[in-house]
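Student: Let us go through this model together. Please show it, and I will ask as we go.

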Amino acid sequence: MQRIEVSKEIILGAALAAEEAEKTHNNKEWSISDHEGLFAGYVGEFVFNDKTGAQSVDGSRYHDTLLNDFKMEVKTKQSKWA
């Protein structure tokens, strides 16, 4: 495992994106965490993009990011332990 320092810009961007997503995501019944994982998901996506040079795919519900012409869904795991 590699520890990654998350910048204040990424944290702020993820918080804003999660807040916006809560307003527009109408599939709350499919979310086991009642959308509480949105913030962590955006942090993971934004860190991945920052480290790899990938770019977010706006408006897609099925793909988060684009890297070398490949659309990908980025998944983030939350844990209290390193």
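Tutor: Start with a definition: rings of Phe, Tyr and Trp (its six-membered ring) pair if their centres lie within 6.5 Å; planes under 30 degrees apart count as stacked, over 60 as edge-to-face and the rest as tilted. Two ground rules follow. This is a predicted model, where local features need pLDDT of at least 70 and side-chain atom pairs count only at pLDDT 80 or more, while totals for chains, interfaces and linings use all residues. Residues are numbered from 1 along each chain as its sequence is written, and side-chain values use heavy atoms, with hydrogens and water left out.

Student: How many aromatic pairs does a search of the whole structure find?

Tutor: Apply the ring definition to the whole structure. The search finds 1 aromatic pair.

Student: Is the pair of Tyr42 and Phe46 stacked, edge-to-face or tilted?

Tutor: A pair of aromatic rings is described by the distance of the centres and the angle of the planes. For Tyr42 and Phe46 the centres are 5.8 Å apart. Their planes meet at 45°, so the pair is tilted.

Student: About how many helical turns separate Tyr42 and Phe46?

Tutor: Both residues sit in helix H2, residues 38-52. Helices here are DSSP runs (H or I, at least four residues), strands are runs of E of at least two, and both are numbered from the N terminus. Tyr42 and Phe46 are 4 residues apart, so the separation is about one helical turn.

Student: Which pattern does the protein follow along the sequence?

Tutor: The protein has 2 helices and 3 strands. Read along the sequence, the pattern is α-α-β-β-β.

Student: Which residue in S3 stands opposite Thr65?

Tutor: Strand S2 (residues 65-67) and S3 pair in the antiparallel sense over 3 bridges. Opposite Thr65 stands Met72.

Student: Which residues does Val57 touch, not counting those up to four places away in sequence?

Tutor: Val57 is in the loop between S1 and S2. A contact means heavy atoms within 4.5 Å. By that test Val57 touches His63, Asp64, Thr65 and Leu66.

Student: Is Val6 buried, partly exposed or exposed?

Tutor: Buried means under 20% relative accessible area, exposed over 50%, partly exposed in between (1.4 Å probe, protein chains only). Val6 lies in the segment before helix H1 (8-24). Its relative accessible area is 32%, so Val6 is partly exposed.

Student: What separates the C-alpha atoms of Gly13 and Val43?

Tutor: Gly13 is in helix H1. At 25% relative accessible area, Gly13 is partly exposed. Gly13 and Val43 are 30 residues apart along the chain, and their C-alpha atoms are separated by 8.1 Å.

Student: Which residue forms a salt bridge with Glu73?

Tutor: A salt bridge is a side-chain nitrogen of Lys or Arg within 4 Å of a carboxyl oxygen of Asp or Glu. The count comes to 1 salt bridge. With the closest N and O atoms 3.5 Å apart, the partner of Glu73 is Lys75.

Student: Is Lys75 buried, partly exposed or exposed?

Tutor: Glu73, at 36% relative accessibility, is partly exposed. Lys75 has 68%, so Lys75 counts as exposed.

Conventions: Pairing = 2+ DSSP bridges.
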